[in-house]
Amino acid sequence: MPEGHVTHALAGRLGHAFGGRPVAVSSPQGRFDDGAALLDGLTLIGASAWGKHLFAEFEGERWLNVHLGLIGKFSVMAHHLDPDPQRPGMPAGRVPVQGQVRVRLLNDTWVGDLRAPTVCAVVTREKVDQIEARLGPDPLRPGADPDLALRRISRSTKPIAELLMDQAVLAGVGNVFRCEVLFRHRVDPFRPGKEIRPTTWLAMWDDLVTLMPLGVAFGQVLTMDDQVADAIAEVADGSAAVHTPALSGGRPGDRFERRFYLYKRTGEPCHVCGSKIRTQLVAGRNLFWCGRCQRRR
């Protein structure tokens, strides 16, 4: 499942490609015809994300709410079509349908195709507020309150590994960040939330506030200390822009080697202590942890 940094990056691409101009909206698949008709020809004001929820705001107080779920994809690609003189700002040509496209956004330069989302709906401002109210704080949103998550964690007997996957506790964190952040702070993933010290939680939160924007900038999850240090340096000197995933939606070669402390390394030696990495299903996803480094203290 795409984690929150993917949704935030997508919001940025949609805003860049379609923001401030009328958008032709259709449903090549046919399953979103009614919703597309409500948005077709309206100006897209902007796009934002809260956790794994995407909100594209159109004029007339209409929002397109998307949740990609496990297999959803939303590609944004450049194209070149002649404008339709009868509909200013609208393309006259056709873009070939590839696969089952639930929603297509189109202007004279860009095409955005949404496939296989879990949620795809036209909603009101009130509904957007309701969705955001039930989500936990998002480390990628300015002003997010880590104490709100802490209050929910400190009242729970559920293991912290389960709570980190609960979007009502913390929005946007998925399985990769869950496993890696727990390891980076040597936290036993099965420790009940009420036993997590506030200082431990705030250190984990600060780590997520550092790591998740790197995911937006580079299009990949970075958690190993050497890679994180190099990525931060590239962001600081401006060279990160060279590696930022293209607005075309295509996936360029990863800037960094894909490696992690724990994720998908079952049975392999821990990079720190050499113990074998363990795995167990927790909150519907495979949790990876080191039994020695993450012992309960």
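How many of the 297 residues of the protein, as a percentage, count as buried? In this predicted model, in which residues are numbered from 1 along each chain as its sequence is written, local features require a pLDDT of at least 70 and side-chain atom pairs count only at pLDDT 80 or more, whereas totals for chains, interfaces and linings use all residues. Side-chain values rest on heavy atoms, with hydrogens and water left out. Of the 297 residues, 49% count as buried, where buried denotes a relative accessible area under 20%, exposed over 50% and partly exposed in between (1.4 Å probe, protein chains only).

The protein contains eight helices and 10 strands, taken as DSSP runs (helices H or I, at least four residues; strands E, at least two) and numbered from the N terminus. Of the contacts (heavy atoms within 4.5 Å) with a separation of 6 or more, 64% are accounted for by residues 24 or more positions apart.

The largest nonpolar core comprises 46 residues, of which Ile 160, Leu 170 and Trp 201 touch the most other members; such a core is a set of buried Ala, Val, Leu, Ile, Met, Phe, Trp, Tyr and Cys residues joined through side-chain atoms within 4.5 Å. At least two residues of this core are supplied by each of helix 4 (146–154), helix 5 (160–163), helix 6, helix 7, helix 8, strand 9 and strand 10, and the largest share, nine residues, comes from helix 7. When neighbours within four places in sequence are left aside, the contacts of Ile 160 include Ile 153, Leu 182, Val 187 and Ile 196. Apart from this core lies another, of 26 residues, among them Val 23, Val 25, Leu 42 and Phe 74.

Asn 175 belongs to helix 6 (residues 175–184) and is buried, with a relative accessible area of 5%. Residues up to four places away in sequence not being counted, Asn 175 touches Glu 3, Met 165, Tyr 263, Arg 285, Asn 286 and Phe 288. The side chain of Asn 175 also makes a polar contact of 2.7 Å with the side chain of Arg 178, a polar contact being a pair of N or O atoms within 3.5 Å of which, within protein, one must be able to donate a hydrogen and the other to accept it, with residues adjacent in sequence counting only if both atoms are side-chain atoms.

The structure holds six aromatic pairs, defined for rings of Phe, Tyr and Trp (its six-membered ring) whose centres lie within 6.5 Å, with planes under 30 degrees apart counted as stacked, over 60 as edge-to-face and the rest as tilted. Phe 183 and Tyr 261 form a tilted pair, 5.2 Å centre to centre with 35° between the planes; this pair links Phe 183 in helix 6 to Tyr 261 in the loop between helix 8 (225–237) and strand 9 (277–282), 78 residues apart. Both partners are buried, Phe 183 with a relative accessible area of 1% and Tyr 261 at 9%. Phe 190 and Trp 289 form an edge-to-face pair, at 5.0 Å and 80°; because Phe 190 lies in the loop between helix 6 and helix 7 (198–218) and Trp 289 in strand 10 (residues 285–290), the pair ties together parts 99 residues apart in sequence.
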